[in-house]
Amino acid sequence: MEDDEYKRARKRVEDLKGFYIHISVFTIVNLTLFLINLLSTPGTWWFYWITVFWGIGIIWHAFRVFIGDRFLGKEWEEKKIKEYMEREKRNR
C-alpha cells in the first residue's frame, strides 16, 4: 500500500516537473521569437501565432497535470471506492 502511494506521489512530481520545464521552455522560446520578430519585421507580427497554438498545448498540459486524473479519472475512482468502503464499515 505504501509502495503504491510512493509511486503515485513520484509520478505526480514527475508530471509537475515536466509541466514546469514545458512552461519554462515556452516562455524562453516565445520571448526570443518576440525579440526576433521585433528586430526583423517590426510592422508584421507573426510570433503570436506560435504563442497562441503552443499556448493551447500548455493549457492542455496544465489540465492534464493539475486536473487530469482528479476529474473522473483513476485517482477519483480510487477515492470514491475508499469513501464507499468507509461508509459501509460505519453503517454495519
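# Reading a helical model

Me: What covers the buried residues of α1?

Reply: The cover includes α2. This is a predicted model, where local features need pLDDT of at least 70, side-chain atom pairs count only at pLDDT 80 or more, and totals for chains, interfaces and linings use all residues. Residues are numbered from 1 along each chain as its sequence is written, and side-chain values use heavy atoms, with hydrogens and water left out.

Me: How do I read a label such as α1, and how many residues has α1?

Reply: Helices are DSSP runs of H or I with at least four residues, strands are runs of E with at least two, and both are numbered from the N terminus. The expected span of a helix is 1.5 Å times one less than its number of residues. α1 has 39 residues. From first C-alpha to last, α1 reaches 56 Å, close to the expected 57 Å.

Me: What span should α2 have?

Reply: Its 20 residues should span 28 Å at 1.5 Å a residue. The end C-alpha atoms of α2 are 28 Å apart, so the two values agree.

Me: Which residues of α2 are buried?

Reply: Buried means under 20% relative accessible area, exposed means over 50%, and partly exposed lies in between (1.4 Å probe, protein chains only). In α2 the buried residues are F47, G55, I58, H61 and V65. Seen down the helix axis, they fall within an arc of 125°, so they line one face of α2. That arc is taken from the directions from the axis to the C-beta atoms. The face turned away carries the exposed residues F53, I59 and W60.

Me: Against what do the buried residues of α2 pack?

Reply: They pack against α1. Contact here means heavy atoms within 4.5 Å. In α1, the buried residues are L16, F19, F26, N30, L33 and N37.

Me: Which residues make up the largest nonpolar core?

Reply: A nonpolar core is a set of buried Ala, Val, Leu, Ile, Met, Phe, Trp, Tyr and Cys residues joined through side-chain atoms within 4.5 Å. Here the largest one has five residues: L16, F19, F26, I58 and V65. α1 (2-40) and α2 (47-66) each give two or more residues to this core. α1 gives the most, with three. Leaving aside neighbours within four places in sequence, L16 is in contact with V65 and F66.

Me: Is H61 buried or exposed, and what does H61 touch?

Reply: H61 sits in α2. Its relative accessible area is 13%, so H61 is buried. Not counting residues up to four places away in sequence, H61 touches D15, G18, F19 and H22.

Me: How many aromatic pairs are there?

Reply: Rings of Phe, Tyr and Trp (its six-membered ring) pair if their centres lie within 6.5 Å; planes under 30 degrees apart count as stacked, over 60 as edge-to-face, and the rest as tilted. By this rule there are ten aromatic pairs. In one of them, W60 and F63, the centres are 6.5 Å apart and the planes stand at 35°, so the pair is tilted. W60 and F63 are three residues apart in α2, so about one helical turn separates them. W60 is exposed, at 62% relative accessible area. F63 is partly exposed, at 39%. Ring pairs also link F34, W45, F47, Y48, W49 and F53 into a cluster.

Me: Where is E78?

Reply: E78 is in α3 (residues 74-91). At 27% relative accessibility, E78 counts as partly exposed. Its C-alpha atom is separated by 48 Å from that of W45, 33 residues apart along the chain.
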